[in-house]
Amino acid sequence: MRKTLLLCAAALLLAAPMAGKASAEDLRGRIAISGKIGVSNPAESEVDTVNGRMVVSTDAGLTGGIGFLFGIDDNVAMEMEVSRTTFDASSFGDADVTDVSIGAQYRFPGRQHVVPYVGAGIDVLINDLDKKYTNTTVGAHVSGGLDCFMNRQVALNLEVKGVEAFKADVDGPNGTGKFDPSALSFTVGARFFFN
């Protein structure tokens, strides 16, 4: 999985110089949809046992999502995104986290084909664990990435996003605990601009 992600990132960076006359200079008023896929490294959680609290280890999982971007001015954009991450959380079983986020990006000026950006926002995390009840939590994210414009309408995207969230209470037939939906994800994808 890591090799695939690294190969996709390398292809994205190598494709940037071949972008021809692509331009990213006029973001104001532009609307884009985006799709992405990647890997997520989730935080560890905790479960209550007769001997106290035990750490629940997690495995890296697959994440994917769709988003909407609106250019407020030449360097600031608003972004809304819905993503879903699936991973194994040992004694909690399979975990699915749906992240509904809204935030802003600052897109650095002066680049024609490759546009680096940083972003931040708030998240609502809908947590789903096998045969266990858990609640929805809120959190915040920071992100950074690159948009590599192939032409005026299409940009390939590479992004790192970290989400820090409140822990969710877990109740199930095997006891209670705290599920942490926080994660660090690495994704590749594309943005399609309509105007």
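## Charged side chains between the strands

E79 has its place in strand β5, where strands (E, at least two residues) and helices (H or I, at least four) are DSSP runs numbered from the N terminus. This is a predicted model, in which local features need pLDDT of at least 70 and side-chain atom pairs count only at pLDDT 80 or more, while totals for chains, interfaces and linings use all residues. Residues are numbered from 1 along each chain as its sequence is written, and side-chain values use heavy atoms, with hydrogens and water left out.

At 11% relative accessibility E79 counts as buried, a word that here means under 20% relative accessible area, with exposed being over 50% and partly exposed lying in between (1.4 Å probe, protein chains only). The side chain of E79 is joined to that of Q105 by a polar contact of 3.0 Å, and to that of R191 by another of 3.2 Å. Such a contact is a pair of N or O atoms within 3.5 Å; within protein, one must be able to donate a hydrogen and the other to accept it, and residues adjacent in sequence count only if both atoms are side-chain atoms. Beyond its neighbours within four places in sequence, E79 is in contact (heavy atoms within 4.5 Å) with residues including S34, F68 and S101.

Side chains of opposite charge can pair when their charged atoms come close. A salt bridge is taken here as a side-chain nitrogen of Lys or Arg within 4 Å of a carboxyl oxygen of Asp or Glu, and by this rule the count comes to eleven.

Which residues meet K36 in salt bridges? One of them is E81, whose side chain meets that of K36 at 3.0 Å, N to O. This pair links distant parts of the chain, with E81 in strand β5 (residues 76–88) and K36 in strand β1 (residues 31–42), 45 residues apart. Both E81 and K36 are buried. The side chain of E159 also forms a salt bridge with that of K36, at 2.9 Å, N to O. Because E159 lies in strand β10 (residues 154–165) and K36 in strand β1, this pair ties together parts that are 123 residues apart in sequence. E159 counts as buried at 3% relative accessibility, and K36 has a relative accessible area of 10%. K36, E81 and E159 belong to a network of salt bridges that also links D99, D123 and K161.

Another salt bridge joins R107 and D147, whose closest N and O atoms are 2.6 Å apart. Here too distant parts of the chain are linked, R107 being in strand β6 (residues 94–107) and D147 in strand β9 (residues 137–149), 40 residues apart. R107 and D147 are both buried.
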